[in-house]
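Me: I'm new to reading protein structures. Could you walk me through a few features, one at a time?

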Amino acid sequence: IRFCFPRFGITVELRGNDLICQEIAGYKLSLCQQIQDSLRGFDKYLTLEHTQDTNEVMLLAPCGIVETKNLCLVDIHVDADCGSKLAWYQYKVHPRFKYLVAQNLASRLQLAALHIASSSHTPDPLLGMKGEERAMILLRQCWGTRPLSEQEQEKLNNVKSLCQGVYPALALLCQDIEISSQQIRFLDLSTHQEGHKSTNCD
């Protein structure tokens with residue numbers, strides 16, 4: 001028996017008592033599909049665990065715009081068209097400290113947005129800190145001097161919209177990330193221009 005998620009390109013197959021993921025070798029669906037004591041109000045993800053080591057866990061979350069609903073629910077807005085192809089991010093659970101680990105800059109920015117949207121006045125029991133504090137750590141890891149891609153800029157704008165007027169320190173950090181990514185943009189532009197000149201000469 002196979003269960004397909006065609007828009008995300010994910011298939012799981014029933015083998016014995018396990019639902020094995022076809023796209024990620026060595027992983028199966030976890031019996032528990034909820035992260036305990038973290039990301040309050042957010043449940044739009046799949047939880048996988050390694051077939052040989054149940055302590056090795058990862059989340060598959062859709063790539064989209066993070067938003068809040070009714071002040072307590074967190075959602076990721078994606079294309080509603082039934083024929084659309086959707087992307088997803090992998091977040092591995094740190095084996096010791098249990099926080100989620102992003103694979104790249106865009107997924108890290110989305111993870112920061114999720115922590116901001118799910119933050120509350122009390123610390124996250126799993127992390128021992130509030131959501132905005134975890135988001136601060138993640139955003140500091142996003143600082144760099146190369147220009148942001150279109151997708152990364154979209155994720156940063158999403159974070160800015162969530163923290164604007166609520167978490168001023170995060171808003172300032174977003175501004176710093178954006179400014180630093182533009183400081184040597186002229187070098188990137190010069191490289192592209194030189195490439196066009198070479199192509200024209202050829």
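Me: Is Leu 14 buried, partly exposed or exposed?

Reply: Before we start, this is a predicted model, where local features need pLDDT of at least 70, side-chain atom pairs count only at pLDDT 80 or more, and totals for chains, interfaces and linings use all residues. Residues are numbered from 1 along each chain as its sequence is written, and side-chain values use heavy atoms, with hydrogens and water left out. Now the idea: buried means under 20% relative accessible area, exposed means over 50%, and partly exposed is in between (1.4 Å probe, protein chains only). Those areas come from the Shrake-Rupley method with a 1.4 Å probe, and for residues only the protein chains shown count as cover. Leu 14 has 36% relative accessibility, so it counts as partly exposed.

Me: What share of the 202 residues in the protein chain is buried?

Reply: Buried residues make up 42% of them.

Me: Where does Leu 14 sit, and which strand is that?

Reply: Helices (H or I, at least four residues) and strands (E, at least two) are DSSP runs, numbered from the N terminus. Leu 14 belongs to strand β2, residues 10-15. The protein chain has five helices and ten strands. Its C-alpha atoms fill a box of roughly 60 × 50 × 35 Å along the principal axes.

Me: Which residues make the nonpolar surface patch with Leu 14?

Reply: A patch takes residues with over 30% relative accessible area and no salt bridge; like charges are joined within 9 Å, and nonpolar side chains (Val, Leu, Ile, Met, Phe, Trp, Tyr) within 5 Å. A salt bridge, in turn, is a side-chain nitrogen of Lys or Arg within 4 Å of a carboxyl oxygen of Asp or Glu. Here Ile 1, Phe 3 and Leu 14 make a nonpolar patch of about 300 Å².

Me: On to rings. How many aromatic pairs does the structure hold?

Reply: Rings of Phe, Tyr and Trp (its six-membered ring) pair if their centres lie within 6.5 Å; planes under 30 degrees apart are stacked, over 60 edge-to-face, and the rest tilted. The structure holds three such pairs. One of them joins Tyr 89 and Tyr 91, edge-to-face, at 6.3 Å centre to centre with 70° between the planes. Tyr 89 is buried at 7% relative accessible area, and Tyr 91 is buried too, at 1%. Another one is Phe 97 with Tyr 99, stacked, at 6.2 Å centre to centre and 0° between the planes. Phe 97 is partly exposed at 45%, and Tyr 99 is partly exposed at 26%.

Me: Which charged end sits over the ring of Tyr 99?

Reply: A charge sits over a ring if NZ of Lys or CZ of Arg is within 6 Å of the ring centre and within 35 degrees of the ring normal. For Tyr 99 it's the charged end of Arg 134, 4.4 Å from the ring centre.

Me: How many disulfides are there?

Reply: A disulfide is a covalent bond between the sulfur atoms of two cysteines. The rule asks for a pair of cysteine sulfur atoms within 2.5 Å, and the count comes to zero.
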